[in-house]
Amino acid sequence: MTPGTTWALVVETTQGIGQRKHTVARVLAQVEGSREEALAELERQARGYVPEHPGSPRRRRLLRTADGFLLVVEGSWQTFASRFTVGELLADSDAPPAPPPRARELRVPEPAPAGPPAGPGEPAGPVSGPDEVDEDGVPVRPAWLGRRDLS
């Protein structure tokens with residue numbers, strides 16, 4: 001497990017009542033970093049979690065387990081549980097596509113010679129330095145701009 005690992009924070013909670021009571025799992029969030037960082041966020045999520053049942057909670061207990069947390073909420077008639085676990089995300093069919101690998105760095109062409117000196121009223125040469133380029137590697141001012149030998 002590397003420091004850039006993605007962790008899924010999962011809650012498995014009791015839904016329904018009576019004979020229709022069942023467990024439903026869902027991912028609360030994803031965390032990048034160490035397992036300890038993911039567990040800290042999972043604890044924060046578990047402490048603030050408000051389950052659908054029971055409607056009138058009488059007692060709420062949060063327990064630390066070997067792999068996460070267990071929230072036990074006692075109601076007037078029944079007890080409901082929510083289990084919080086952290087798991088390393090290995091695959092996700094709905095993940096956004098990874099960015100394409102960065103192409104090799106673009107080389108900025110050497111500026112062409114400036115030609116004869118500029119006359120009165122003509123630009124003396126590039127305003128920006130020959131090495132000034134934007135974030136895509138494109139020169140801010142073309143090397144040919146202001147050259148008299150290109151007319």
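Which residues are linked with Glu43 in a network of salt bridges? Glu43, Arg47 and Arg64 make up this network. A salt bridge here is a side-chain nitrogen of Lys or Arg within 4 Å of a carboxyl oxygen of Asp or Glu. Side chains of opposite charge can pair when their charged atoms come close.

The model is predicted, so local features need pLDDT of at least 70 and side-chain atom pairs count only at pLDDT 80 or more, while totals for chains, interfaces and linings use all residues. Residues are numbered from 1 along each chain as its sequence is written, and side-chain values use heavy atoms, with hydrogens and water left out.

The whole structure contains four salt bridges. Three of them are listed below.

| Glutamate 41 | Arginine 44 | 2.7 Å |

Helices (H or I, at least four residues) and strands (E, at least two) are DSSP runs, numbered from the N terminus. Glutamate 43 lies in helix α1 and arginine 64 in strand β3 (residues 59–65), so this pair ties together parts 21 residues apart in sequence. Glutamate 74, in strand β4 (residues 68–74), and arginine 61, in strand β3, likewise tie together parts 13 residues apart in sequence. Glutamate 41 and arginine 44 are three residues apart in helix α1 (residues 35–48), and therefore about one helical turn separates them.

Accessibility is classed as buried (under 20% relative accessible area), exposed (over 50%) or partly exposed (in between), using a 1.4 Å probe and protein chains only. Arginine 64 is exposed at 61%. Glutamate 74 is partly exposed at 24%, and arginine 61 is partly exposed at 33%.
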